[in-house]
Amino acid sequence: MSQFTDYVQPRMGRVFTALGLDVEYERAEGNTMYHRDERGELVPVLDLMGGYGSLILGHNHPELVAHAKALLDGNRAVHAQFSLREEAGRLGAALSDVVRRETSAKEPYVATFGNSGAEAVEAAVKHAELVRVRRVTELADEVAAHAEEARQAVRRGEARIDADAFQQPGVRGRATPADGIDGLLAAVGAHNTAALATRPLFLALERSFHGKLVGSVQLTYNAGFRAPFQNLGTRVRFVPMDELGRPETLERIAEDERVTLLDTEVVDDRVRLVERDLPVVTAFLLEPVQGEGGIHALTTEQGRAVRLFCNRVGTALIIDEVQSGMGRCGAFLASSLIGLRGDYYTLSKSLGGGLAKISAMLVRKSLYQGEFDLIHSSTFAMDDFSSSVARKVVEMLEADDGRVYRQVTERGERLTRMLEDLRAQYPDVIEEVRGKGLFIGLQLRDQGEARSMVLRGGAYTGALGYLLSGYLLREERIRIAPTGSAGNVLRIQPSAYLTDEEIERLRGALERLCRILRYEDTLHLVHP
Ligand code: PMP
């Protein structure tokens with residue numbers, strides 16, 4: 001009897017019912033959400049899912065609520081499209097300042113605002129492609145001009161064609177010395193036309209998550225989300241994170257994907273052909289701490305390997321901080337903690353403080369393409385309400401020299417210590433505790449070999465994490481979910497205001513859960 005199930009998400013609604021997650025939350029404050037039980041009483045639930053990581057400041061933070069109310073009470077102009085959006089301007093300036101402070105970047109960043117994380121990723125993808133297309137066009141024009149110069153020089157008798165030119169791969173078999181300069185240049189033109197038709201390539205990491213829109217879903221590693229739509233979108237090559245440390249991995253990709261144009265040179269009265277690299281890789285995307293893929297943090301060395309690769313092949317580095325940024329890992333940018341600097345950043349989730357839907361794509365000012373803001377826009381982007389709330393969020397994060405960041409780090413350490421204690425007690429149940437700041441993953445051991453059919457079945461279908469989520473909500477009143485693509489990793493993403501009592505509550509609940517899993521006492525899991 002749920003209209004959500006009837007009219008919105010028929011399949012998900014049934015899954016929620018099956019797992020006992022079929023509640024409607026009415027109120028929320030800090031790390032607590034409330035739903036009603038059968039008697040109509042409000043039931044408080046400790047929320048460790050934190051709006052898929054969008055609540056670093058918790059639910060309905062009083063300062064943010066007051067700020068939002070003041071905007072509404074003042075009839076603040078919200079939809080002031082086609083005017084100077086100074087509220088967005090102030091937010092853009094604040095974001096640029098924070099990024100420069102944390103990364104010591106010399107130049108400012110220009111912001112493009114959107115409504116969701118995937119939208120920010122797509123804005124970065126489009127912008128990077130615009131830069132690439134520009135470079136390709138310049139190169140193609142230059143090569144075409146050189147070809148004409150060579151043609152004229154030969155026609156005037158000022159230059160002769162080097163015999164080697166006809167042996168050049170791309171020309172050999174298409175033209176012979178008897179075809180003269182016109183034949184040579186026709187072959188060169190055919191090769192170059194084919195090269196210019198190469199579809200742009202994006203590089204991303206295995207286990208990555210960058211969104212689910214038509215373009216961004218191809219950058220998301222999980223084949224379940226991506227495969228049905230692969231004919232629609234972006235061409236992507238996935239690189240294993242563990243292999244980034246080996247220089248040959250990225251070198252091999254650069255070599256495999258190398259596409260060249262044939263350029264014509266006249267040197268010492270001879271026409272020669274030389275290869276010029278065509279920029280085919282639009283961008284390398286990465287999350288400094290992978291979220292949906294199971295909470296995996298990139299190391300300083302891995303980050304450096306990607307940065308050097310991008311510099312060498314002249315491709316853009318897009319750092320997706322949609323989930324890891326805004327204080328989640330103990331700094332505004334998780335990438336700044338490993339000394340990694342991006343050409344682009346994408347931000348969303350906690351940027352809206354849990355009240356506004358907003359995302360931002362930041363790009364280095366010297367890379368910014370002036371026409372981008374003329375050709376990329378969205379009705380709701382840059383609205384004054386969301387921009388103002390987000391600026392307040394940035395202010396709160398940056399206050400007192402980054403008190404919130406320090407708090408996240410301290411709370412994260414405390415929470416991690418508790419989880420590590422549990423792992424030491426239950427190494428047969430908990431495989432690993434991973435993450436940074438308050439972006440933590442608890443990896444459970446695979447239950448594929450369990451005697452209990454419930455556990456084995458859960459492991460087999462990848463649903464074990466969901467089953468455990470249902471149990472924790474029903475029995476422990478704790479809201480927790482597995483990561484989007486790794487079902488045996490529980491994600492723990494509370495707000496910066498997590499208390500010691502809340503940590504101890506989680507300890508008690510997880511201890512009971514560990515005992516259930518150790519003794520395969522699975523009736524508890526499935527029987528309310
Ligand atoms: N990038 C990352 C790193 C994310 O974690 C997510 C959302 N989980 C997205 C992009 C997409 O954001 P949205 O769901 O707002 O489109």
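Me: Which helix gives the most to the shell around the ligand?
Reply: That's helix α6, residues 117-155, which puts three residues into the shell. Keep in mind that this is a predicted model.

Me: And which residues come nearest to the ligand?
Reply: There are 15 residues around the ligand, and S116, G117, A118, V322 and Q323 come nearest.

Me: OK, new topic. How do β1 and β2 run, parallel or antiparallel?
Reply: Strand β1 (residues 25-29) and strand β2 (residues 32-36) run antiparallel, with four bridges joining them. If you want a pair to look for, R27 stands opposite Y34 in β2.

Me: What's in the turn there?
Reply: β1 and β2 make a hairpin with two residues between the strands. G30 sits in that turn and has a positive phi of about 55 degrees.

Me: Which way does β2 pair with β3?
Reply: In the antiparallel sense, over five bridges, with β3 covering residues 42-47.

Me: Why does R477 count as partly exposed?
Reply: Because R477 has 16 C-beta neighbours inside 10 Å, while buried would take 20 or more and exposed 12 or fewer.

Me: What about N60?
Reply: N60 isn't a glycine either, and its phi is positive, at about 45 degrees. N60 lies in the loop between α3 (50-53) and α4. It is partly exposed, with 16 other C-beta atoms within 10 Å.

Me: What happens just after α4?
Reply: N75 takes a positive phi of about 50 degrees there.

Me: How far apart are the ends of α4?
Reply: The end C-alpha atoms of α4 (residues 62-73) are 16 Å apart. That agrees with what you'd expect, because 12 residues at 1.5 Å a residue should span 16 Å.

Me: Switching to the inside. Which residues touch the most other members of the largest nonpolar core?
Reply: Y344 and L362, in a core of 115 residues. Helix α12 (residues 384-425) supplies the largest share of this core, 12 residues.

Me: What is Y344 in contact with?
Reply: Leaving aside neighbours within four places in sequence, Y344 contacts A124, A128, A316, I318, I319, M361, L362 and V363. Apart from that core lies another one, of 20 residues, with A147, A175, L184 and L262 among them.

Me: One more thing: what's the strand order in the open sheet of three strands?
Reply: The order is β5-β9-β8, and the pairing is mixed. β5 (160-161) and β8 (260-267) stand at the edges with a single partner strand each, so one side of each has no neighbour in the sheet.

Me: How do β5 and β9 pair?
Reply: β5 pairs with β9 (residues 270-277) in the parallel sense, over two bridges. R160 has R270 in β9 as its bridge partner.

Notes. Residues are numbered from 1 along each chain as its sequence is written. This is a predicted model: local features need pLDDT of at least 70, side-chain atom pairs count only at pLDDT 80 or more; totals for chains, interfaces and linings use all residues. The expected span of a helix is 1.5 Å times one less than its number of residues. A residue is near a molecule or strand if its C-beta atom, placed from the backbone, lies within 6 Å of it. Two strands pair if DSSP finds at least two bridges between them. A nonpolar core is a set of buried Ala, Val, Leu, Ile, Met, Phe, Trp, Tyr and Cys residues joined through C-beta atoms within 7 Å. Two residues are in contact if their C-beta atoms, placed from the backbone, lie within 7 Å.
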